[in-house]
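Please consider the following structure with its sequence. The paragraphs below lead through its chains, its sheets and its core.

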Amino acid sequence: MHGRTRLLALAMALAAAPAVAQEQGKPLSVGVEAPDFTLPSATSRGLGKTVSLSDFHGQTVVIAFFYRARSSG
Amino acid sequence: MDAYRDQYAKIFKGGKGVTLLAISTDADTALASWARDKEYPFTMLSDVGGEAGQKYGAFIRTPRGVVDNRTVFIVGADGRIAHVMAPFREVDATAYTELAEAIARIAR
């Protein structure tokens with residue numbers, strides 16, 4: 001098969017293939033040091049200062065990652 | 001998020017000794033308007049680009065970009081991860097029971 005034809009065949013096969021599975025992260029495990037982060041904050045009173053995990057050193061923090069605002073999860 | 005709000009006193013001791021940080025890849029303005037509409041009593045953080053989610057392995061890479069995946073981590077006073085709920089089953093009442101019990105155990 002001519003190189004260009006082969007490339008075209010490959011492109012067509014890829015286009016016809018089902019959507020590529022989404023890559024999902026593997027969550028950190030218990031015992032691991034929690035990585036720090038610094039992010040813009042928001043509350044019911046509006047926009048706030050940036051918040052870092054290290055701001056809460058010595059306290060218990062629940063970090064709840066979720067998909068999207070105004071969704072169930 | 002409504003369940004976190006409605007059970008805030010019970011699960012998070014009303015925020016005394018334990019802090020809830022709710023994180024998504026939404027813009028801070030979107031989170032603020034949602035928090036205002038729903039009167040959420042906790043802080044939300046804007047992880048645009050999903051960097052924090054990727055640090056914690058709590059993300060899904062989609063053709064349209066990275067979004068944070070529903071996962072709950074409890075970080076103890078020593079700065080280490082003390083409890084993980086992955087995935088966090090947002091609509092399952094038993095998930096909140098487990099969360100409350102874990103917080104009660106960890107946040108002394």
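What percentage of the 73 residues of chain A count as buried? The share is 25%, where a residue is buried if 20 or more other C-beta atoms lie within 10 Å of its own, exposed if 12 or fewer, and partly exposed in between, with C-beta atoms placed from the backbone. The model is predicted: local features need pLDDT of at least 70, side-chain atom pairs count only at pLDDT 80 or more, and totals for chains, interfaces and linings use all residues. Residues are numbered from 1 along each chain as its sequence is written, while chains are lettered from A and ligands numbered from 1 in the order in which they are written.

Chain A has 1 helix and 4 strands, and from the N terminus its elements follow the pattern α-β-β-β-β. Helices (H or I, at least four residues) and strands (E, at least two) are DSSP runs, numbered from the N terminus.

Chains A and B touch through 42 residues of chain A and 59 residues of chain B; two residues are in contact if their C-beta atoms, placed from the backbone, lie within 7 Å. On the side of chain B that touches chain A there are 34 nonpolar, 14 polar and 11 charged residues. In this division Ala, Val, Leu, Ile, Met, Phe, Trp, Tyr, Cys and Pro count as nonpolar, Asp, Glu, Lys and Arg as charged, and the others, Gly among them, as polar.

The sheets come next. Two strands pair if DSSP finds at least two bridges between them. An open sheet of 7 strands has the order E3(A)-E2(A)-E2(B)-E1(B)-E4(A)-E5(B)-E6(B), with mixed pairing. Its edge strands, each pairing on one side only, are E3 (46-52) of chain A and E6 (81-85) of chain B. Neighbouring strands of this sheet are turned by 25° against each other on average, direction ignored. For such angles, axes are lines fitted to C-alpha atoms, for helices over the stretch in contact, and angles run from 0 to 180 degrees between N-to-C directions.

Within this sheet, E2 (residues 38-43) of chain A pairs with E3(A) in the antiparallel sense over 5 bridges, and A:Thr38 stands opposite A:Ser52. Helix H3 (residues 28-38) of chain B packs on the sheet, and its direction makes about 30° with that of E2(A). Strand E4 (residues 60-65) of chain A and strand E5 (residues 71-75) of chain B are also antiparallel, with 5 bridges; here A:Val62 stands opposite B:Ile74. Helix H5(B) lies across E4 of chain A together with E1, E5 and E6 of chain B, at about 175° to E6(B).

A further open sheet has 3 strands in the order E1(A)-E3(B)-E4(B), with antiparallel pairing. In it, 2 bridges join E1(A) to E3 (residues 59-62) of chain B, and A:Glu23 stands opposite B:Arg61.

The largest nonpolar core has 45 residues, and A:Val62, A:Ile63, A:Ala64, B:Ile23 and B:Val75 touch the most other members. Such a core is a set of buried Ala, Val, Leu, Ile, Met, Phe, Trp, Tyr and Cys residues joined through C-beta atoms within 7 Å. Apart from neighbours within four places in sequence, A:Ala64 is in contact with B:Leu20, B:Ala22, B:Ile23, B:Val72 and B:Phe88.

Finally, B:Arg105 lies in helix H5 (residues 93-106) of chain B. B:Arg105 counts as exposed because 12 C-beta neighbours lie inside 10 Å.
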